[in-house]
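Trainee: I want to check some labels against their cut-offs. Can we go through them one by one?

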Amino acid sequence: MTRPTDTDRTGSGDAEWNRSQRDETETQRLDRNWNSLLQELRVVQTGVQILTGFLLTLPFHDGFEELGGVLRTIYLITVSCAVGAAILLAAPVALHRALFRQHQLALIVSYAHYLSFAGLTLLGLALSGAVTVVFGATAGPVPSAIAGVVTLVVFSLAWLIVPLWLRATTGSPQESADDPRR
């Protein structure tokens with residue numbers, strides 16, 4: 001029994017478009033999607049590991065005890081987000097290992113997509129928190145708040161709002177080909 005991927009459930013015609021435009025089978029499409037996802041994960045994995053390592057060692061540095069209660073709370077939330085991001089961004093690999101040779105690539109690609117998106121969201125929150133803590137420790141509460149909010153807004157726009165808006169407002173390639181205005 002084959003399980004639908006997220007694109008097949010929405011009826012976007014992605015599989016049909018790939019068959020006609022790329023001349024690729026469903027398995028080839030899934031292999032390409034999986035490889036693309038792995039490349040994306042490779043890009044963020046090192047950054048997540050460095051950020052998490054930095055955050056985990058921070059309490060052992062001189063001056064950490066001088067952080068106020070609010071910055072310590074932000075720090076703990078930030079560490080939690082960074083660790084969560086590291087877990088979620090590595091989860092597709094664990095999922096692949098658990099389902100290896102089970103002929104479940106469609107399921108793996110679909111769930112890995114959601115795990116990666118959630119991991120990127122936590123990474124953005126961790127980056128915002130890290131900037132807030134660093135600015136708070138070095139420049140004070142007002143610059144800390146400004147830097148944290150600016151980072152959160154830029155992350156939200158670049159990683160969430162604009163991509164999701166583009167996805168919602170841009171038709172599939174098949175719809176574009178059928179629309180004489182495009």
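Trainee: Why does E24 count as buried?

Mentor: Its relative accessibility is 11%. Buried means under 20% relative accessible area, exposed over 50%, partly exposed in between (1.4 Å probe, protein chains only). So E24, at 11%, counts as buried. Keep in mind that this is a predicted model, where local features need pLDDT of at least 70, side-chain atom pairs count only at pLDDT 80 or more, and totals for chains, interfaces and linings use all residues. Residues are numbered from 1 along each chain as its sequence is written, and side-chain values use heavy atoms, with hydrogens and water left out.

Trainee: What makes E24 and R22 a salt bridge?

Mentor: The rule asks for a side-chain nitrogen of Lys or Arg within 4 Å of a carboxyl oxygen of Asp or Glu. The N to O distance for E24 and R22 is 4.0 Å. The pair therefore counts as a salt bridge. Side chains of opposite charge can pair when their charged atoms come close.

Trainee: What is the distance between the closest N and O atoms of E24 and R32?

Mentor: They are 2.6 Å apart, and the pair forms a salt bridge. R22, E24 and R32 are thus linked in a network of salt bridges.

Trainee: Why are R22 and R32 called partly exposed?

Mentor: R22 has a relative accessible area of 42%, so the label is partly exposed. R32 has 28%, and is therefore partly exposed as well.

Trainee: How many salt bridges does the rule give?

Mentor: Three. Another of these pairs is E26 with R29, with the closest N and O atoms 2.7 Å apart. Both residues lie in helix α3, three residues apart, about one turn of the helix.

Trainee: Are E26 and R29 buried or partly exposed?

Mentor: E26 has a relative accessible area of 27%, so E26 is partly exposed. R29 is at 2% and therefore counts as buried.

Trainee: What makes I50 exposed?

Mentor: I50, found in helix α3, has a relative accessible area of 57%, so the label is exposed. The C-alpha atoms of I50 and A82 are 9.9 Å apart, with the residues 32 apart along the chain.

Trainee: Why are α3 and α4 called roughly antiparallel?

Mentor: Helix α3 (residues 26-57) and helix α4 (residues 69-98) pack at about 150°, with axes 9 Å apart. Angles under 35 degrees count as roughly parallel, over 145 as roughly antiparallel, 65 to 115 as roughly perpendicular and the rest as oblique. The pair is therefore roughly antiparallel. The contact (heavy atoms within 4.5 Å) includes W34, L41 and V44 of α3 and Y75, T78 and V79 of α4.

Trainee: How do the residues of that contact divide by type?

Mentor: Into 15 nonpolar, four polar and no charged. Ala, Val, Leu, Ile, Met, Phe, Trp, Tyr, Cys and Pro count as nonpolar, Asp, Glu, Lys and Arg as charged, and the others, Gly among them, as polar.

Trainee: How many helices and strands does the chain have?

Mentor: Seven helices and zero strands. Helices (H or I, at least four residues) and strands (E, at least two) are DSSP runs, numbered from the N terminus. Of the 182 residues of the chain, 34% count as buried.

Definitions and conventions
Axes are lines fitted to C-alpha atoms, for helices over the stretch in contact, and angles run from 0 to 180 degrees between N-to-C directions.
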